[in-house]
There are 2 protein chains.
Amino acid sequence: MPETLTLNLSASVIEITRQLCDLQSVSGNETPLADAIVAALAGFDHLEIIRDGDTIVARTSLGRAQRVVIAGHIDTVPLNNNLPTRFETLDEVDYLWGRGTVDMKAGVAVQLKLAAELVAPVVDVTWMWYDHEEVSDDLNGLGRLARNRPDLFAGDFAILGEPTNGRIEGGCNGNLRVEIRTFGLRAHSARAWVGENAIHKAAPILNILAAYEPRSVEVEGLVYREGLNAVGITGGIAGNVIPDECMVHVNYRFAPSRSGAEALAHLHELFPGYEMTVVDLAEGARPGLDAPLAQQFLAAVGGGDAMPKYGWTDVARFSALGMPAVNYGPGDPLKAHADDERVALFQITDCEIGLRSWLTAAAN
Amino acid sequence: MPETLTLNLSASVIEITRQLCDLQSVSGNETPLADAIVAALAGFDHLEIIRDGDTIVARTSLGRAQRVVIAGHIDTVPLNNNLPTRFETLDEVDYLWGRGTVDMKAGVAVQLKLAAELVAPVVDVTWMWYDHEEVSDDLNGLGRLARNRPDLFAGDFAILGEPTNGRIEGGCNGNLRVEIRTFGLRAHSARAWVGENAIHKAAPILNILAAYEPRSVEVEGLVYREGLNAVGITGGIAGNVIPDECMVHVNYRFAPSRSGAEALAHLHELFPGYEMTVVDLAEGARPGLDAPLAQQFLAAVGGGDAMPKYGWTDVARFSALGMPAVNYGPGDPLKAHADDERVALFQITDCEIGLRSWLTAAAN
C-alpha cells in the first residue's frame, strides 16, 4: 500500500516542511508527493492546475501587468538514516533536521502555503514544483516541462527557491569540463630512452593550473568568483612501461559575463597545442538584477543586497529564455546533501514573510 | 592424454630449439617439458640429476678447480597464435619464428646439447633449468631452488642464457618503484577556494621528473644507463570535487653501483617532504667481470667486449650470493614477449660454438 499524505496548507510553514520531508521523495519516487500536492491545491479556485508527469504547475490569471514564475524541486538526494525529521536546538537556534529540510522542501513549503493563501497577488504568479532535479540533466522535470509546455514559461521574472540562507542570489556561474591529453611513446621502463613519457609532458598543464589566478568578475553589480581546477588525472599502463598517454580532467567555473564558447576559447588559449575534449558545458546565467521586477524584489526582500550564486542551478534555464531569475530560499546551502541536513526555523518563516509581503505589496 | 616429447639431444641445436618450442610450457605448465628434459638426460653417466618441482639440475663432479653454473628458464609468456614454430627468411637472414624461440628456448637448447655432449669440460659445470621465471618473483624456480638447496649454488661464475644477441651482458640495473602522494582538502569545485587541490600540488613532482637527467654510471668497465620515470598517476573524486589526494607512481632503474637503500635515499633527496611508499625494490647486480673466470669467458667468447644489462634478470640472484654472473644467449631481447618473436639461426649456432669452445679449451 503506497504511503499517502494529506497536506494541510493552513498549517504553519514549519509544519508543512515537516510533513513534506517525512514523505520521502528521492529522485524517481516523487509520485506520492506530487499526488499529495495536487490534492492539497484542488480546492483553490484562484489556481489553474496543470500536471506533467510529477511536475505540477499552479497559476493565477488575474490579468496583472506582470507575471512571476516561482519554482522549486520536490525530489531529494538519497537518504542516509536521516528521516524521519526531528526538531533540535543548537547554540540557541531551533532547527528541523532531516533529509530534504534544506534542499529544498522548506522552500517548497513556503511556496505551497503562499500559492494557496494569496488569492490576489499584485503580480500573476506561475508556481512550479518539479521532479528529478538531483539527477542527470536529461531527467530534469523543469527541462521536460520547458520542452512539453514552453507556453507555461511566459513571465517577467523568476524566483527559484533553492537554499540561500534567505539571501537573494543572482544568476550563476557557467560550468565547463574538458579532458586535456598528452601523448608519448610506449617503451619498457628499463630502456626509457627509447620511449617518450606522456605523464612528464603533463607537467606544464599542472604548472598552468597551479599558477592560474582565477578572476573575480562583476556582472550587473554582483561579483562572480571563477575557478579553474584539475578534478582528475590518469596515466600509466604498468609499473615497467613508459606511458604513452596522460589525461588531465579540468573544470572551469566561469562568470556569466562569458559564454560557454568564450570559456572554451579561454582554455584553448591557456593550453595551446594540447588535445582538448569537452565533457560538459553549461552556460552561466546573468543575474538580471537590473530588471524592474528584480529591483523591486531586491528592495523589498533583500534590503537592496544580493549575492552571486557560484554553483550552477536551474535559474540558468530561465536565463536562457531571457527571463531574469534569482535564487531565494531558506536553508544553508553547505548543509544541502549533508548527512546532518537541517534548516533553521526562523529562515523558513522569514522567507514566508519576505515573499508574502512582496507579492501583496509590490507597486506594479 | 598429456603431450609427450622425446628430445633427441644428438640433433642440431636448431632442431632441439624447434622441439622445445613446439612443446608449450607457459608458466605453470612446465611439467611435460621438465619430464622430457629429465628423460633426455637420463642416459648420461657424467651428470648427476636433481629435480625440485619442475626445476632440473644436472652437474658434473670431475674434481675441477673451478665450477661454473649455467642456467636457463624453461617457461614462456602466454601464446598469441604464435605456435607451432616455423622457419622463415627475412632480409637474407634465416629465423625460427614462434613463442619461446628468443625467451629463451634457443638458449636452453644450447645448454642441453652441451650438457649431454661435454663429458669432460675444463671446469665443473652445474646446469640448471628452472620454471616460473615469467611470473611473480615468489614463484620463481631458481629462487625456490636457492631456498631448498643452497648447496647447489656453489660456484665461481654463473652464466644465464637470457637473450643478448649473443653478446655478453654483465650484471643488471636495480629496480625501485615508489608511490609519491600529495594531499589537499576536498571541496565543491563551485567553491574551489575553500579547498586545496592535491593534483595541482603534484606539479613540482612532474617538473622534477621531466627535468631529471639520468646518470650513466661506469661499474667495473660497463656503463649502466639509469632511468627515472612516472609510470602512473591518479587523482580525482568526481567532476565537481576539488581532489584531496594525488599519487604519482615512480620507477627508478638504478646502476648496480648503488644499493637499493641508496637508491631510495636518492629519491627522498629528489622529492623532499613528500609521502613516499616503496612498492617494489630489487637490488641491481654488479657485472663482476673482474673475476678471473669472467675475464677468460669474456676473452674467449665476447672478443673481450661486454655490454651492460639494463633490465633486471636472475643474474642478480647469483650476484647476491657473491658469484659473478653474466647474461649470454641467442636472440634479440627486443623480440622477447613479442607476437613476432623469432631467433636468428646463426645466433643459436654461434652461442653453441662459443660456449663449447670455452668449456673445452679454457686455461684453468
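This is a predicted model: local features need pLDDT of at least 70, side-chain atom pairs count only at pLDDT 80 or more; totals for chains, interfaces and linings use all residues.

Q: How many residues of chain B are in contact with chain A?
A: Contact, meaning heavy atoms within 4.5 Å, involves 42 residues of chain B and 41 residues of chain A. The area buried between the two chains is about 3,100 Å², and carbon and sulfur atoms give 61% of it. Buried area here is the accessible area (1.4 Å probe) that two parts lose on being put together, summed over both.

Q: Which three residues supply 20% of the area that chain B buries?
A: They are B:W193, B:H200 and B:I233, which supply more than any other three residues.

Q: And what is the count of salt bridges between the chains?
A: The count is zero, a salt bridge being a side-chain nitrogen of Lys or Arg within 4 Å of a carboxyl oxygen of Asp or Glu. The interface does have 13 residue pairs in polar contact, both residues at pLDDT 80 or more. A polar contact is a pair of N or O atoms within 3.5 Å; within protein, one must be able to donate a hydrogen and the other to accept it, and residues adjacent in sequence count only if both atoms are side-chain atoms.

Q: Which element gives the most to chain B's side?
A: Strand β13(B) does, with eight residues. Helices (H or I, at least four residues) and strands (E, at least two) are DSSP runs, numbered from the N terminus. β13 of chain A, residues 227-235, pairs with β13(B) in the antiparallel sense over three bridges, and A:T234 stands opposite B:T234. Two strands pair if DSSP finds at least two bridges between them.

Q: Switching to A:S27, where is it found?
A: A:S27 lies in the loop between α1 (13-22) and α2 (31-41) of chain A. Its relative accessible area is 17%, so A:S27 is buried; buried means under 20% relative accessible area, exposed over 50%, and partly exposed in between (1.4 Å probe, protein chains only).

Q: What does its side chain join in polar contact?
A: The side chain of A:D75, at 2.7 Å. Not counting residues up to four places away in sequence, A:S27 also touches residues including A:H132 and A:E134.

Q: Is B:H266 buried or exposed?
A: B:H266, in helix α6 (residues 260-270) of chain B, counts as buried at 12% relative accessibility. Its side chain makes a polar contact of 2.8 Å with that of B:Y212.

Q: What covers the buried residues of α4(B)?
A: The cover includes β1 (48-52), β2 (55-59), β6 (124-130) and α8 (315-320) of chain B. At the start of α4(B), a side-chain oxygen of B:N140 reaches to within 2.8 Å of the backbone nitrogen of B:L142.

Q: What is the strand order of the open sheet in chain B?
A: The eight strands run β1-β2-β6-β3-β7-β18-β8-β17, with mixed pairing. β1 and β17 (307-308) stand at the edges, each with a single partner strand, so one side of each is left without a neighbour in the sheet. β1(B) and β2(B) pair in the antiparallel sense over five bridges.

Conventions: Residues are numbered from 1 along each chain as its sequence is written. Chains are lettered from A and ligands numbered from 1 in the order in which they are written. Side-chain values use heavy atoms; hydrogens and water are left out.
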